[in-house]
Structures are given as structure tokens and as C-alpha cells.
Amino acid sequence: MLDWLVAHVVPIVFYTAAVLVVAGAIGVIWFRNPIHAALSLLATFLAVAGLFVLQHAEFIAAVQIVVYAGGVMVLFLFVMMLVNVRTLPREYQYVRSLLPAAVVTGGFLAAVVAAGLFARSYLAAADPAALTAVEGQTMGNTEAVGWVLYRDFLLPFEVVSLVLLVAMLGAIVMGRKDRREEDAGEEAR
Amino acid sequence: MNMDLRADLLALLPELTLTAGALVVLLAGVGGGGRRHGGLAVTALASVGLTAIALKIAVDVSEAGRLFFSGMFVLDPFAVFFKVLFLLTAALAPLLSRDYLERHDYRPGEYHSLVLFATVGMMVMASGTNLASIYVGLELMALSTYVLAGYFRREVKSHEAASKYFVLGALSSGVLVYGLSLLFGELGSLDLAAMAAALGGAERTPTLLTGMALLACGFLFKVAAVPFHMWTPDVYEGAPTPITAFLSVGPKAAAFAIFLRVFLGGLEGLTPYWVWLVGGSAALTMIWGNLAALTQDNVKRMLAYSSIAHAGYALLGLLAGSELGVQSVLFYMLVYLVSNLGAFGFVILLESRGYAGETVADYAGLARRQPLAAFGMLVFLLSLGGIPPTAGFMGKLYVFAAAVNAGFVWLVVVAVVMSAVSLYYYLRIAMQMYLREGQEGEGAEVLAAPWTARAIGVCGVFVGIIGVYPAPFAAAARTTAALIGVTLP
């Protein structure tokens, strides 16, 4: 029994995590209580991290947990608890014909997944050694990621920082009170 | 300092300068109650000027034909030509916007700084030789323009424009990245040269072709080609008019830059497959863009459909593919840029009836009241319509000639017929200006906007010079076209 477990640990972990990913994703749209939906999303995030570990991408797994499960999720929960929404009201849906939409979207997704599986059957598997090797040297996964990110992809990495700055700027421009409203507020004071 | 990094940073000098300028404008805009319209516009203009000098320095000191940042960035004449176009757009944008912002009472700081950030993104796109650097440049440009489209927050239409542009733009980015990931999976690299090399022996698998098709769809969205054009009229109508002018030339030219570089550089081996996709889209774009423009009463919407149609003409140059084709697209972009910015300049000047309320009927009798303005508008309309001796005629001539040489006669027939159709809606405005009487107090008044008038003047000079004496501009385009194949073997 133990031998069997050891021999099959990779498929067992994979299928457990895969089921958790899908179940968590379904849960996000299934639960009417936003907190439950958010916690369900957390399960998806953690299971995805597990899949990354299975692929020997330890650094991305850690980032997945720290940034998504840690940062993003805490932010979600904070907002929900501040706004204090218990359950979502049953609203009238804008899309009247949900069934055709669901069939089309689901069919498209199935086609894409099928194409992926089909492609996988004749493509060479990715080389796991590539995740830790840089210029012939073997190093840790984190080191390898850093090496690639700050050397080969230095320019895109730096431009992304500008993208984030613009995103922040955009949020402020869009979210700030109008100057006329501000002026009116000052006069009222 | 590492010698490599030093060379890399020198090649990146224009982008660094413009980023610094954008940050200065942003910080300067915070103080003074955000009302220093003239000062901020001049600062933005000055940083564009410094960037032009930096570009000259970067070109002079950089080794020709070299790749920087480990194959991510190139400073070939193709990139330089587009960067000059972007800088021209970025220089005209503050001029067009200054009076407009003051009139509508919006803060200029963030506005000008976002325009400059979008320009940095476009410059990175033009220089990108790796799909990763091209994509981040694209996102920088796109994100800035989403915000700019919604900058007039007291206008409902501006909200509509921003949300439509954002949602559809994000969707198209998703499609583009999905295509990119499929190509990466099949070819094992995002580097255009490596992709072209890998394509040599690669089997034409469905995954590869799907990736290419999705990438093409993403690019067609960005150049606003039919059937990915639905966002254009609403966004162009709702966005602040100077931003509409900016959107219709800058991001469109940038999208053409990456379209040319990726499809003629990296994916040239797949030409038999994408030529039908892009050719069909070009034909639909020319037909639908021009037919839909016929029925528009709002001038901004009409110019939006006209810009869709112009993307269709420019796609002919991409299809032609040869050096002649690339050269014709570059030249066309220059011509289209000055003609369209000029026409939008007049829309800004004539917007006396408040936001987005400009109809064709507003132009009635303009020639009697403002003969100079009417004549200027006429020149830009004729240039957009492609009538000699304006620049637009030369632009179309080169593109059509390239397409005929490459054997796309049926597409050129479509293009010529549709150009004739386009004259109807361009001349409709001219007819209103010159032949209609215009009831007293009904037509639009020309607003006093000296900065906008200056920008229009610059465009008008370009339209005139290129139309009469196109040789130096065509020669500039020619030197760049020869090199697109050299840097991307």
C-alpha cells in the first residue's frame, strides 16, 4: 500500500489539486454569500500553487501563495467585511437567453481544452531541468527565475513598472472627486 | 558600469527621457490647484522636444543593426521612423488639448502625463523585437488611452467610451496573449528572429495556426479593422476630441508598426495562411468603414468610420509585404497622421455647442463667416479623400501601387471604388461649408483657440508639402523598409 502510494504520489497530488481547482472555481460562482465565494477562491489559489510545485516551479508556487492567497484574498475579504454584504440579492439577469450563451461558451471552452489535449499528445514534454538551469549551470528555481527576469527580460520588467504606475494613476484620475464638487465642498465648509 | 548595459541604456535614452518628462508633468500638475494649463502644455511639449534630441543622440551612438537588452529592443530605421511619427503626435496633442482642457475645466497635469506615457508605450512597441517587450509596450499604451478616453468625468459619453474601450480592449489583449502563448508553446521562443528560424522546419500544426490567427485578431482589433471595429465609433465619439485625434493616429500607427514587424518579420513563414485572414479583413474594413460613414451625422463618428476605412487601405501595404509594401504603409501612416489630426483640430475649434454635439449641419455657411477655417478644413478633407495635389493622394498611390505589384488587384479595385464612395461623405461637409447658407446663429462658431490653431497650421503645412513634394518623405520611408528584413533574419 505504502509502496503504491509512493509510486503514484505525483498523479494523486495532481488529481487532488485539479479537483480542488475546479471545485473552488465552481464554488466562487455558486455561493451566494460573498465570503464563502471568496474562501472558495482561496481553495483554488492554494490548489494552483500545489500544481506549480508539482511542475517544479517552486518560486511561482510561493508567489502564488504570498500574493494571491495572502495579499489579494485578504484585500477581498477586507472590502467585503467593510461593505458588509451577507448575501447577494437575486437580481434580474441582463442576459435573457442564458442557455444558448452557456452552450456557446461551454462549447468553445471544450474545443479549446480538446485542442490543448490533442496538441499535448504529440508535443514533447517540457524539460523540467530548464526551470533550474541557466547557461549550463544548475541553480535553485528562484535563482533561475531572478536570473531570467533581471537579465533577459529586464526591459519588459521595467516597462511593467510603468504600466503599474499608469494603472495607479488611472484609478486616481477615475476615482477622485470632481474638482467642482471639491470646490463646492470647501465653500460649504 | 557594465558596457553592455551602458549601450542598452543609451539606446533606450529617448524612452527614458520621455518617461522623465511624463513624471515631471505629473508632479508639476499636482501643485497650483492643477490649473496651470499653459505651463503644463509647454512642459509636455518641451519633454517631447528633448526626447527628439535624445532620439538623435541614441541613433548616433548606437551600433547599427544591434539588438539591445538581450534581443528585446532594436533601434533600426523602421523603429526610428515610427518614433518620429509618435513624437510628432505627442507634440501636437498638447497643442490641440490646451485650450480644450481649459474651456471644459479639467486638470491638465494627469492628462498630459498620460499622453506622454502612452507615447512611451508606443515607442517601446516600435522597437520591440520580442513579443514580450512588444506586449508590455502595448499594454502601457492601451492602459493610458483607456484612462484618457474617460478623462472627462462629467460627461456620460466619456464614461461610456472609457468602459467600452477598457472591456473590449482587455478582451482583445486576452485574445492576443492567448495567441502569443500558443505560438510560444509551438515555436519555443518569443523572440521574433528565433520564431522565424523555428518556423522554417516547424510543422503547420493546428495549434500554431490558431495562435497566429488569435494574434492577428488581437492586432486587427488594435488597428480597428472590421470585424473588430465595433468599439471605434463609440469610443471616438465619447472621448474628449483631442484624445480622439490622438487615438486615431498614435495607437493606430503603433499597432501597424507591430503588425508589420511581427507578421512580416517573425511570422513571414506563415504568409500563405494569414494573407487570407488579413486580406478578407482589409476588404471588409474598406467596404464597411466607408459605407457606415455615409450615414453618420455626427462629425466625430463620421471621422471614426473614416479612420476605420483608412486602416483598411493601410492593410493593403501589409498584405503586399515587400519592401515597397512596408514603405507604403510607413508613408501612409505619416500622411494619414497629419490629415486626420488637422481635421480633428477643426472639429475641436468648431465645438461651440458643448461636448460631442457637433453635427454636419453645424458646418453650414462656414465659408461665408470664416473663409480661412473653411478652406483649411477643405484641404484636410480632400487629403483624407485622396484628391491630388494633397498628401492623401500620394499616400494612397503608394499603397495601391504596392498592392498591385504584389498581385492583389481585386483588393485595389475594392479600395479605389470605396475611395470614390468616401468622397461623398468628405465632400458633404465641404458642401455644407460652401454651398449652404446657414441660418443666422445656427452654425457652429469658430472658437478662439490659438494653440489649437497652431497645431492645425503645422498639420496643414505638412499636408501641403507632402502632397506637392513627397520625395524626401518617401525616401525616409524607403531607408527604413529595407532594414526590416535585416534585423529579423
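Tutor: Let's take the ground rules, then the contact between the chains, then some backbone details.

Student: What should I know before reading any values?
Tutor: It's a predicted model, where local features need pLDDT of at least 70 and side-chain atom pairs count only at pLDDT 80 or more, while totals for chains, interfaces and linings use all residues. Residues are numbered from 1 along each chain as its sequence is written, chains are lettered from A and ligands numbered from 1 in the order in which they are written, and side-chain values use heavy atoms, with hydrogens and water left out.

Student: OK, how many helices and strands does chain A have?
Tutor: Chain A has eight helices and two strands; helices are DSSP runs of H or I with at least four residues, strands are runs of E with at least two, and both are numbered from the N terminus. Their order from the N terminus is α-α-α-α-α-β-β-α-α-α.

Student: And what percentage of chain A is buried?
Tutor: Of its 189 residues, 20% are buried, meaning under 20% relative accessible area, with exposed over 50% and partly exposed in between (1.4 Å probe, protein chains only).

Student: Now the interface. How many residues of chain B are in contact with chain A?
Tutor: It's 42 residues of chain B against 28 of chain A, with contact meaning heavy atoms within 4.5 Å. The buried area between the two chains is about 2,900 Å², and carbon and sulfur atoms give 69% of it; that area is the accessible area (1.4 Å probe) that two parts lose on being put together, summed over both.

Student: Switching to the backbone: where are the cis peptide bonds you wanted to show me?
Tutor: One joins Val226(B) and Pro227(B), with omega about 5°. Pro227(B) sits in the loop between helix H9 (206–222) and helix H10 (231–238) of chain B. Another runs from Pro388(B) to Pro389(B), with omega near 5°, and Pro389(B) is in the loop between helix H16 (371–385) and helix H17 (391–405) of chain B.

Student: Why point those out?
Tutor: Because most peptide bonds are trans, and most residues other than glycine have a negative phi.

Student: So which residues have a positive phi without being glycine?
Tutor: Ser70(B) is one of them, at about 45°, in the loop between strand E1 (67–68) and strand E2 (73–74) of chain B. Asp105(B) also has a positive phi, near 60°, and lies in the loop between helix H4 (77–104) and helix H5 (108–127) of chain B.

Student: How much relative accessible area do they have?
Tutor: Ser70(B) is partly exposed at 46%, and Asp105(B) is partly exposed at 22%.

Student: Last one: is Glu237(B) buried or exposed?
Tutor: Buried, with a relative accessible area of 10%. Glu237(B) is in helix H10 of chain B.
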